[in-house]
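Try each task before you read its solution.

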Amino acid sequence: MILPILAYGDPLLKREADEISEDYPDLNTLIENMYETMYEASGVGLAAPQVGLPIRMFIVDGSPFAEDEEDEFDPKAEGLEGFKKVFINPIIEEESGEEWSFREGCLSIPGIREEVFRKENLIITYFDENWQLQEESYSGYAARIIQHEYDHLEGILFTDKLSPLKRRLLAKKLNGISKGDTDIDYRMKFPARKKQRS
Ligand code: NI
C-alpha cells in the first residue's frame, strides 16, 4: 500500500522520533508499505516520520545511485549495489573524514535540491528487520543517504543545514510546497493546503 508522504511544513517532520520495541505492531507490513511508497516516488531513502509515524526507523535502497554512476568509476558510489536495508533504532556512533558537499533532495521537499556538507564516513549500530543488532561502517553516497535519513529521526531536514541566506531565498518556494504548490507524481499530504484534492 502506498502511503502519503508528508510535505515540508508538517510539524511531524520537525519532531524527534521515538524508539520502538520488538512488539511494535505490524512492523513487516509497515516496512513493505514504506518500500512500495519509496519506489513509487523514485527515492533512495524514506524515514518513518515522512509517512506520519514518529518512530526511529528508516529504509534505504541505494541501487539507483549505483546505476547512475556506472559510466565513470566513482569511489563514493562503492557499496551501493545491493545497499537495501532497514534501520531500526539506529545510532550513528561516529562520523569521520572530510566534509564534502552534495546536492541533496528529499521526497518531502519536492523540486528543491541544494548542496549540503556532511562527513565522509560513519559507523552505525541498529537493529535490522529481524531484530538482529548490527554494527557497520559506511562512506560516500551510502553514508550520505544514511545521514540524511537519520536526520529525519531527529526532526532535521536538509534545508535546516543551509545558510540563513539560502533559506531566505528558498522561503517562498518552501511555503508553496507546504500548500501543495508542486507538481509531483506521487502521493503527498500537504499541511497548509486549503482544499485536499480528492
Ligand atoms: Ni528526506
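For sorting residues, Ala, Val, Leu, Ile, Met, Phe, Trp, Tyr, Cys and Pro count as nonpolar, Asp, Glu, Lys and Arg as charged, and the others, Gly among them, as polar. The model is a predicted one, where local features need pLDDT of at least 70 and side-chain atom pairs pLDDT 80 or more, while totals for chains, interfaces and linings use all residues. Residues are numbered from 1 along each chain as its sequence is written, and side-chain values use heavy atoms, with hydrogens and water left out.

**Exercise 1: the pocket**

Describe the lining of the largest pocket by residue class and by the elements that supply it.

Solution. Start with what a pocket is: on a 1 Å grid over the protein atoms alone, it is an open set of points where a 1.4 Å probe fits, with protein on both sides within 12 Å along at least five of seven lines; lining residues have an atom within 4 Å of a point. Next, take the space, about 450 Å³ in the largest pocket; grid points are joined across faces, edges and corners, and the volume is the space filled by probe spheres set on the points.

Now sort the lining: it divides into 12 nonpolar, eight polar and four charged residues. There are 24 lining residues, and Val 44, Gly 105, Cys 106, Leu 107 and Arg 113 lie nearest the centre of the pocket. Finally, look at the elements, with helices (H or I, at least four residues) and strands (E, at least two) being DSSP runs numbered from the N terminus. At least two lining residues come from each of α2 (63–68), β4 (84–104) and α3, and α3 gives the most, with five.

**Exercise 2: the nickel ion**

Find the protein donors of the nickel ion and work out how they're spaced in sequence.

Solution. Donors are N, O and S atoms within 2.8 Å of the metal (3.2 Å for Na, K and Ca); water is not among the atoms, so sites may look incomplete. That search gives Cys 106 (SG), His 148 (NE2) and His 152 (NE2), lying 2.1 to 2.3 Å from the nickel ion. Read along the chain, the donor pattern is C-x41-H-x3-H. The two histidines sit about one helical turn apart because His 148 and His 152 are four residues apart in helix α3 (residues 140–153).

Then check burial, where buried means under 20% relative accessible area, exposed over 50%, and partly exposed in between (1.4 Å probe, protein chains only). His 148 comes out at 8%, so it counts as buried. His 152 has 2%, so it's buried as well.

**Exercise 3: hairpin and phi angles**

Which sense do strands β5 and β6 pair in, parallel or antiparallel? Then look for positive phi values at Trp 131 and Ser 42.

Solution. Two strands pair if DSSP finds at least two bridges between them. β5 (residues 114–127) and β6 (residues 133–139) have seven bridges, and the sense is antiparallel. One example to click on is Ile 123, whose bridge partner in β6 is Ser 137.

Five residues lie between the strands of this hairpin, and Trp 131 has a positive phi near 60° there. Most residues other than glycine have a negative phi. Trp 131 is buried, with a relative accessible area of 15%.

Move on to Ser 42, in the loop between α1 (27–40) and β2 (45–47). Ser 42 isn't a glycine, yet its phi is positive, about 55°. At 66% relative accessibility, Ser 42 is exposed.

**Exercise 4: the whole chain**

Compare the radius of gyration of the protein chain with the globule rule.

Solution. Take the radius of gyration over C-alpha atoms; the rule is 2.2 Å times the number of residues to the power 0.38. For 198 residues a compact globule would have a value near 16 Å, and the chain has 16 Å, so the two agree. The C-alpha atoms fill a box of roughly 45 × 40 × 30 Å along the principal axes, and buried residues make up 48% of the chain.

To finish, list the elements: there are four helices and seven strands, running β-α-β-β-α-β-β-β-α-α-β from the N terminus on.
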